[in-house]
Amino acid sequence: MGSKEVSALVRELVYRLLPSKSELEQGGADRAGRLDAIAERAYNYAVRIFGSRIVPSIINDEGAMAESIKRQLVLQGRSSDALAFADLHRRFSAQIGPGCVENKWALLYVLRSLAEDQRRENAETRGIAGSLTSTLSGPASHGGLPALPAPLDRTGPCDNLSPPKSMVVSNGQMLKVQNYGSTSFPSGGVLILSKDTENAKASAIREFVELCQEESEISEGALVRDVLYACQGIDGRYVKFEKELDGFIVDEAFRVPRATRMLVRKLCEVGWLFRKVQQHIDESIKQGHMEEIGTVGQAFCASLQEELSDYYRLIAVLEAQVHNPIPLMSVGNKVENYLSLRRLLVWLAEPLVRMRLLAVLVDDCKGLKGGAMAGAIHMHAQHGAPIVRSIMARLLVRVCSPLFEMVRRWVLEGELDDIYEEFFVVGHPVKAEALWREGYRLQSGMLPSFIPESLAQRILRTGKSINFLRVCCDDHGWAEAARDAVAAASNSGNRGGLGYGETEALEVMVVEAARKIDGHVLKIMYDQYRLRDHCLAIKRYLLLGQGDFIQYLMDLVGPDLSQPANTVSSFKLAGLLESAIRASNAQYDEGEILDRLRVKMMPYNDGDRGWDVFSLEYILRDPLNTIFTEAVMANYLKVFNFLWRLKRVEHALSATWQTMKPNCSLARLFTSSGSAEKSQVAAILRRCQTLRNEMNHFVTNLQYYIMFEVLEYSWAKFLEEMEDAQDLDDLIAAHERYLTSIIEKSLLGERSKLLCKTLCSLFDLILRFRALADRLYENARAVQARSDSSLRKKLERELFLSNTSRKAASMDFTVEFLKGMGDEMDGVAAEYSSLFEGFIAQLPVQQHVDLKFLSFRLDFSEFYIRQHMNMSTAPLKLKRTPIKASRSS
Amino acid sequence: MEDGMNERARETLELAYRMSNLLKTGLDRSTLAVVMALTEQGVNPEALAAVVKELRREAAALRSVSFSSAP
């Protein structure tokens with residue numbers, strides 16, 4: 001909207017200022033013709049100038065502008081005009097509301113600048129009229145506009161700032177050069193007509209001074225002094241702190257020009273900021289509680305204090321300068337002080353910037369402490385301006401020094417020197433075994449942003465290692481390691497002095513200390529506490545690596561464990577464990593390790609057998625229980641129970657084999673004897689053999705998989721990782737991976753619950769089968785015993801005729817019983833094959849572990865797959881037949 | 001309302017004109033009105049003053065040339 005209006009107005013301006021056509025036609029038609037072109041060019045020129053984004057080079061201040069105009073009028077010796085102007089301006093500026101001018105300052109500026117121009121023009125036309133006009137219009141006559149205002153014009157906006165040394169003044173009909181300095185000004189061809197010069201000048205100055213004094217009751221010197229007081233946060237005589245306005249202002253009771261009032265207010269911003277900073281320091285140090293501020297807060301206050309002392313120095317210098325007169329600058333006989341309000345503005349510009357920064361920091365750091373405070377200041381240091389950066393760096397070096405001292409003590413001595421909770425490592429009082437895992441923690445809120453997270457983790461671990469050594473391992477070798485670390489760090493370039501901005505030096509020191517101390521921890525773990533030996537012992541005893549021992553143990557405790565759980569004595573089992581150790585190769589193991597092996601009875605329910613509650617455990621003490629925590633041992637227990645069960649099933653199957661073996665001849669006897677009943681019994685026994693074989697195949701292969709694919713493979717990997725471990729965390733992680741991989745691969749993990757359940761029911765079924773087979777063979781043997789003594793039976797039959805029927809009945813009963821057994825066996829076989837098929841089918845579903853080898857071994861001859869195919873394709877065939885039939889017909 | 005506004009505007013212009021005369025800017029009433037309108041539009045006063053000066057110089061040049069070439 002504006003641009004359209006502006007362009008219309010500009011066009012209007014152009015036509016008003018350029019001579020009209022009729023005026024030109026008197027001169028010549030061709031000139032009038034050129035007017036349009038010139039007007040168009042002038043219009044474009046004006047639009048271009050307006051379009052350029054020149055910012056006014058002086059401050060938008062109407063009062064100051066009016067002052068300046070008045071002063072000029074006075075200096076021209078037109079004091080009555082000046083008064084008239086003051087009156088007009090007062091009325092003019094009093095007009096507020098719609099329909100009157102808003103941008104009064106701009107209008108005044110234009111008027112003043114045009115007035116000056118006119119004046120100069122007059123002087124020129126009168127003095128050196130001919131030559132100047134011709135030179136001025138020279139470019140214009142060639143069709144171009146003259147260049148932008150020459151330097152002469154430029155003096156316009158500036159001369160209200162400093163009183164001009166000389167000025168061309170027109171005073172009515174008379175022209176003269178007034179010179180305020182002592183030397184006479186070379187007039188450069190201007191004709192000087194002098195007529196009672198002294199009188200006019202003196203009276204003009206007198207009137208001006210009176211005018212000034214009339215407006216202001218207070219001298220500028222007094223104001224300057226008061227402003228300097230205000231800069232120190234003290235109320236002066238005229239300038240006082242106003243609570244409602246929240247700032248220093250000149251007391252309303254005194255009459256001061258508005259321009260001055262504004263200027264004072266601007267100057268006193270420094271004072272306001274100073275008060276704020278000072279207040280913070282006072283609150284923190286003099287009355288505050290140490291717990292709330294902490295050492296970092298104290299350091300912050302101290303560095304603020306130092307910055308303020310710089311500021312005090314400046315103020316003192318300024319105060320000393322207040323009464324010094326300006327050298328070589330005297331107007332008439334009045335001597336001006338060196339410091340005016342405007343000069344003060346320049347002097348205070350830089351301290352203002354600094355004080356603003358400090359005030360912002362004070363605001364930001366309120367309520368923060370420790371690392372958080374250092375972090376907040378660090379955020380401000382991320383700034384492009386070098387002055388800001390240098391101030392912040394200076395502050396941070398001091399603020400961070402307590403923090404870095406804490407880091408140093410923590411990393412090299414393991415001391416948590418942090419009474420005010422400022423450090424980013426926090427300690428919790430915990431028991432020795434949880435010290436490593438839970439004893440210390442990073443507090444992210446207190447971590448300043450210039451320390452990266454990874455470095456913080458490293459710092460945490462190093463101090464933790466020292467504490468771990470001290471508390472859990474009872475070791476004092478770490479002090480040496482720390483000393484080495486310091487020596488190495490100081491050799492690598494820095495002298496052990498840490499500070500803000502030297503994050504690299506800090507990193508070097510921390511890395512060095514961490515390397516030494518972690519190495520020491522690992523050494524202690526391996527050598528003094530024999531971590532490797534214990535891991536191996538756990539593998540051998542809890543993971544059934546020591547085969548002969550387990551075999552003996554199973555043989556010895558088997559009968560006891562078949563009893564109900566509540567009747568099993570753990571003391572007896574402990575004795576049996578002892579004898580199993582003595583009977584096997586385990587006896588050659590060291591006593592220290594064997595002592596740790598214990599029998600553990602788990603809590604039992606009604607109906608539980610000894611098998612369900614028996615387990616072995618391996619006792620580990622400080623500091624190894626940092627690795628082998630209770631949760632880890634619970635996992636080991638889980639694996640042990642599974643393996644123990646598997647072993648038991650295998651054991652049961654081989655026991656069954658033992659019962660079956662002596663009956664081979666017996667079976668042959670049955671088949672050869674030819675009797676129908678007996679052949680039926682033989683068929684049952686044969687089925688029993690097949691089923692056992694099938695089960696044995698499954699169990700053996702599963703055991704093979706567990707032993708070789710799971711346990712040994714994971715163990716080998718664990719050993720490798722143990723070698724590579726750099727610190728205790730790595731070691732713990734490696735061990736955890738080892739255990740997790742065993743659990744996952746043995747199908748004990750969360751994701752293979754279904755499979756594990758199937759496996760358990762398979763085991764149960766096999767145990768049921770074992771009982772069944774035992775009974776079957778017992779009965780079969782009884783049948784055989786009876787048929788062996790058939791001769792004796794015949795005699796008996798003759799002797800006790802009356803008993804015959806009963807004997808036949810008992811014979812029948814046995815056969816019936818065998819038949820029942822056969823049916824039961826068929827049931828078990830059917831259940832087994834369905835369960836097993838389910839198990840096989842689920843194996844490929846387990847995506848997270850590689851079970852390919854297990855399923856390959858279990859189904860080596862693809863027997864089960866084919867069986868499965870036959871069952872699943874059977875209904876398909878039925879569907880197909882009609883198609884075939886239709887084709888054939 | 002409208003009358004009051006016009007009245008006030010006229011008064012403002014009158015005051016400005018008198019100030020202008022006092023300062024001997026040589027602007028006539030209507031030109032001053034245009035200048036005021038321009039400053040109200042937010043035109044940079046420094047630029048405006050420069051433009052007015054230039055236009056005046058241009059006009060003077062035109063006149064002097066036309067007068068000198070007339071005889």
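Where pLDDT is low, the predicted coordinates should not be read in detail. The model is predicted, and local features need pLDDT of at least 70, side-chain atom pairs count only at pLDDT 80 or more, and totals for chains, interfaces and linings use all residues. Residues are numbered from 1 along each chain as its sequence is written, while chains are lettered from A and ligands numbered from 1 in the order in which they are written.

Chain A contains 34 helices and ten strands, whereas chain B has three helices and zero strands. Helices (H or I, at least four residues) and strands (E, at least two) are DSSP runs, numbered from the N terminus. Along its sequence, chain B follows the pattern α-α-α. A residue is termed buried if 20 or more other C-beta atoms lie within 10 Å of its own, exposed if 12 or fewer, and partly exposed in between, with C-beta atoms placed from the backbone. Buried residues make up 29% of the 889 residues in chain A and 44% of the 71 residues in chain B. Among contacts in chain A between residues at least 6 apart in sequence, 69% join residues at least 24 apart.

The largest nonpolar core has 155 residues, of which A:Val227, A:Ile377, A:Val399 and A:Ala513 touch the most other members. Such a core is a set of buried Ala, Val, Leu, Ile, Met, Phe, Trp, Tyr and Cys residues joined through C-beta atoms within 7 Å. Helix α28 (residues 676-724) of chain A supplies the largest share of this core, 14 residues. Apart from this core lies another, of 50 residues, among them A:Leu88, A:Ala204, B:Ala47 and B:Val52. Leaving aside neighbours within four places in sequence, A:Val227 is in contact with A:Val239, A:Val264, A:Leu267, A:Cys268, A:Leu341 and A:Leu344.

Helix α14 (residues 341-365) of chain A has 25 residues and reaches 34 Å from its first C-alpha to its last, close to the 36 Å expected at 1.5 Å a residue; the expected span is 1.5 Å times one less than the number of residues. A bend of about 45° occurs in α14(A) at A:Leu348, and a proline, A:Pro351, follows within four residues. The bend at a residue is the angle between axes fitted to the seven residues ending there and the seven starting there. Buried residues of α14(A) include A:Leu344, A:Leu348, A:Met355 and A:Leu361. Just after this helix, A:Gly367 takes a positive phi of about 85°.

Helix α16 (residues 386-413) of chain A includes A:Phe404. The 28 residues of α16(A) should span 40 Å at 1.5 Å a residue, and the end C-alpha atoms are 38 Å apart, which agrees. This helix bends by about 40° at A:Ser401, with a proline, A:Pro402, following within four residues. A:Phe404 is buried because 20 other C-beta atoms lie within 10 Å. From C-alpha to C-alpha, A:Phe404 and A:Leu506 are 8.5 Å apart in space, although 102 residues apart in sequence.

The buried residues of α5(A) are A:Ser79, A:Ala82, A:Phe85, A:Leu88, A:His89 and A:Phe92. Seen down the axis of α5(A), these fall within an arc of 165°, so they line one face of the helix; the arc is that of the directions from the helix axis to the C-beta atoms. On the other side, A:Ser80, A:Asp87, A:Arg90 and A:Ala94 are exposed.

Most residues other than glycine have a negative phi. A:Arg530, however, has a positive phi of about 50° and is placed in the loop between α20 (503-528) and α21 (531-541) of chain A. A:Arg530 counts as partly exposed because it has 16 C-beta neighbours inside 10 Å.

Methods
Two residues are in contact if their C-beta atoms, placed from the backbone, lie within 7 Å.
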